[in-house]
Amino acid sequence: MSSFSSDKLATDEVTGMYNEKVEDLHPEHSEDYLREGERWATEEDMNVLRRVGDRIPSAAIFIVLTELAERFTYYGISGPFQNYIQNGYKQPNSNPGAINGGQNMATGLGNFFQFWCYLTPILGAIIADQWLGKYKTILIFSIIYIVGDLVLTLTSIPASIRSGGALPGVIIAMITIGLGTGGIKSNVSPMVAEQYGRYRPFVRKLKNGKEVLVDRELTVQSIFNWFYWSINVGGLSAIATTELEANVDFWPAYLLPTLMFVMCIVVFWLGRKKYVVTKPNGSIVIKAYRTISTAIRNKRKAKKENQLIVDENGKKLPWIDYAKPSYDASGSIVQWDDKFVDELRIAIRSCKIFLCYPIFWLCYGQMTNNMVSQSGQMNTGPVPNDIMQNIDPLCIILLIPIFDLLVYPGFRRCGMELRPVTRITIGFLLMALSMAYAAILQHFIYTKGPYKTHAGDEGYGFNDISAAIQVPAYVLMAIAEIFASVTGLEYAYKRAPESMKSIVMSIFLLTNAGGSILAFAFNPIS
C-alpha cells in the first residue's frame with residue numbers, strides 16, 4: 001500500500017486518533033510500539049486477516065525527496081552526455097554536440113561513468129560504517145558531487161568548448177560526480193528503510209469495524225516502490241536539459257541540475273531532527289573481508305591436515321564456519337563472534353541472486369547510449385533525439401502507483417502473491433523482449449532510406465522512419481525495471497541481516513558496475 005493510501009487509512013478509517021502514547025513495547029525492539037486501536041498480531045491473525053502496509057514516516061519522505069533531487073541532477077547531467085561527446089559543436093545538419101568524439105567514445109565514456117558511479121558505493125559504505133555514519137557521509141559526499149557539477153558546467157561554456165576544455169572537463173566531472181554518487185547511493189536507500197521502526201506485525205481496527213494485519217514487509221516494499229518512483233520523477237530532468245541543450249546551449253543544461261542539487265542538500269538537512277540515525281559500528285565490509293579470508297585460510301589448513309570438521313549429523317561444515325571463534329583450536333583473538341559469521345553466511349546466500357543482474361544492467365544501459373544514437377537515425381520531429389530516453393521514467397512514474405495500489409494487492413486478494421524471485425524473473429523476461437524489439441528495429445532503420453547505415457553520422461541526416469516506433473522498447477524496459485530493479489532493492493534490504501544491510505545494498509549496486517564492464521566488451525561493435 002502506498003504512502004497516500006496508508007495516510008488515508010490512518011486518518012479516515014482507523015478508530016481513534018493516533019497519538020504518541022506507547023501502549024505496549026515489542027520485547028525485542030524498544031522502538032517498536034502500539035498506538036491506540038492496535039494490538040499485536042496472533043498466529044491466527046497472521047493466517048486470516050488481510051495484510052496491508054503502514055503509512056510511511058515523515059523522515060522517510062524527506063529522504064525520498066532528497067533522492068528525487070539527487071536523481072534530478074544525475075539524469076539531468078547524464079542525459080545530454082551522448083550528444084555532448086559524440087557530435088561536434090554547432091555543426092549544420094547534425095544533432096547538438098561539443099566534443100565530436102564519435103559514437104564509440106561517447107558510449108565508452110558513458111559506460112565508464114555508469115561503472116564508476118556503481119563501483120564507488122563500496123567506498124561510501126565503508127566510510128559510513130567505519131567512521132561517519134550514513135547521515136554525515138551523505139552530506140560530505142554531496143559537497144564532492146557539487147564540485148563535479150560546477151566543473152562540468154564551467155567547461156561547457158562556448159569559450160571552453162572552442163578551446164578544447166570540454167573533454168578534460170567532462171572526464172574530471174565524471175570522476176568527481178561518480179565519487180559523490182557513491183557516498184550517497186550506498187547510504188540513502190538503507191537509510192530510508194531504517195526510518196520505519198515497527199518490526200512486529202500488529203492488528204489495526206478500522207472505522208468500519210474490520211481488522212487488518214499491518215505487515216512490515218509490505219511497508220518496506222511500499223517504501224522502496226515510492227523511493228524508486230522518486231528516482232524516476234527526478235529522471236525526467238533529462239527532458240528539460242536535452243531541450244536546453246538543443247535550443248540554448250549545454251552550459252544552461254548543466255547549470256539547472258547543479259542548482260537543483262543545492263536544493264537536494266537543503267531538503268536533506270531540513271529533515272535532520274526527524275531521522276533515525278545509526279552510529280558507525282566499524283566497517284562491515286572490512287570485517288567481512290577479514291572473516292572470509294580467515295575462513296578460507298582455516299579450511300585450507302584443516303583440509304591439508306585432514307582435520308575437516310563435521311556436525312552432529314556427520315555433514316561437513318560450510319566453509320564460512322571455519323571463521324567461527326568456537327571452532328578455532330588455536331585460540332587466536334578475532335574481532336567477530338559466531339553470530340557475525342552466521343549473519344555473513346546469510347548475507348552471502350542472499351547475494352547469489354545478484355549474479356545475474358549485470359546482464360540486466362547491460363541491457364538497461366543501452367537506454368542512455370546506443371538507443372539515443374538509434375533515435376538519432378530516425379525522424380524525431382521538433383524534439384532532440386536524446387529526449388526519447390525519458391519515456392522510460394515517464395512510464396515508471398505512471399505504472400508504480402498502479403502496481404502498488406492495484407496490481408500487487410490484486411494478486412494478494414486472489415491468493416497469488418508475487419514473491420520477489422518471481423517478480424525478478426518476470427522483469428528479466430521483459431527486458432529481454434525490450435532488447436529483441438530494439439534489435440529488430442535497428443534492422444528496419446538500416447533498410448530505410450535515404451541514408452541507410454550512414455543515418456545519424458556526421459554530415460548525414462535521418463532515415464524516413466518515425467522515432468515513435470521506438471516507444472514499445474522503452475515501455476517494456478520500464479515494466480522490467482519495476483519487476484526486477486525495485487524488487488532487487490527490496491530483496492537486498494529484507495534478506496540481509498541487520499548488521500549487513502549496507503554491504504548487501506552496496507553489492508546490489510555493484511552489479512550495475514558489472515553491467516558496465518560487459519558494456520565495455522561490446523563497445524567496439526556499438
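Predicted model: local features only at pLDDT ≥ 70, side-chain atom pairs only at ≥ 80, totals over all residues.
The surroundings of Val504 can be listed individually. Leaving aside residues up to four places away in sequence, Val504 is in contact with Ala347, Cys351, Phe354, Ala492 and Ala496. In soluble globular proteins, nonpolar side chains tend to be buried together.

Rolling a probe the size of a water molecule over the atoms shows where empty space is left. Five cavities of 30 Å³ or more were found. By class, the lining of the largest cavity comprises 15 nonpolar, 12 polar and three charged residues. Several helices take part: at least two lining residues each come from helix 3 (58-78), helix 4 (81-86), helix 5 (102-119), helix 8 (166-194), helix 9 (216-235), helix 14 (357-364), helix 18 and helix 19 (501-522). Helix 5 supplies the most, with six residues.

The second largest cavity has a volume of about 90 Å³. Its lining is made up of Tyr75, Ile231, Asn232, Gly235, Ala238, Tyr364, Met367, Thr368, Gln389, Asn390, Asp392 and Pro393. Two or more of these residues come from each of helix 9 and helix 16 (391-413), and helix 9 gives the most, with three. Six of the lining residues are nonpolar, five are polar and one is charged.

Strand 4 (residues 211-214) pairs with two other strands. With strand 2 (residues 51-52), strand 4 runs parallel and is joined by two bridges; in this pairing Val52 lies opposite Val214. With strand 3 (residues 202-205), the pairing is antiparallel and extends over four bridges, and Arg204 faces Val212 of strand 4. Strands 3 and 4 form a hairpin in which five residues separate the two strands. Within the turn of this hairpin, Gly209 has a positive phi of about 95 degrees.

Key. Residues numbered from 1 in each chain as written. Heavy atoms only, no water. Contact = heavy atoms within 4.5 Å. 1 Å grid on protein atoms, 1.4 Å probe; cavity = no way out; pocket = protein on both sides within 12 Å on 5 of 7 lines; lining within 4 Å. Points joined across faces, edges and corners; volume = space filled by probe spheres on them. Nonpolar A, V, L, I, M, F, W, Y, C, P; charged D, E, K, R; others polar. Pairing = 2+ DSSP bridges.
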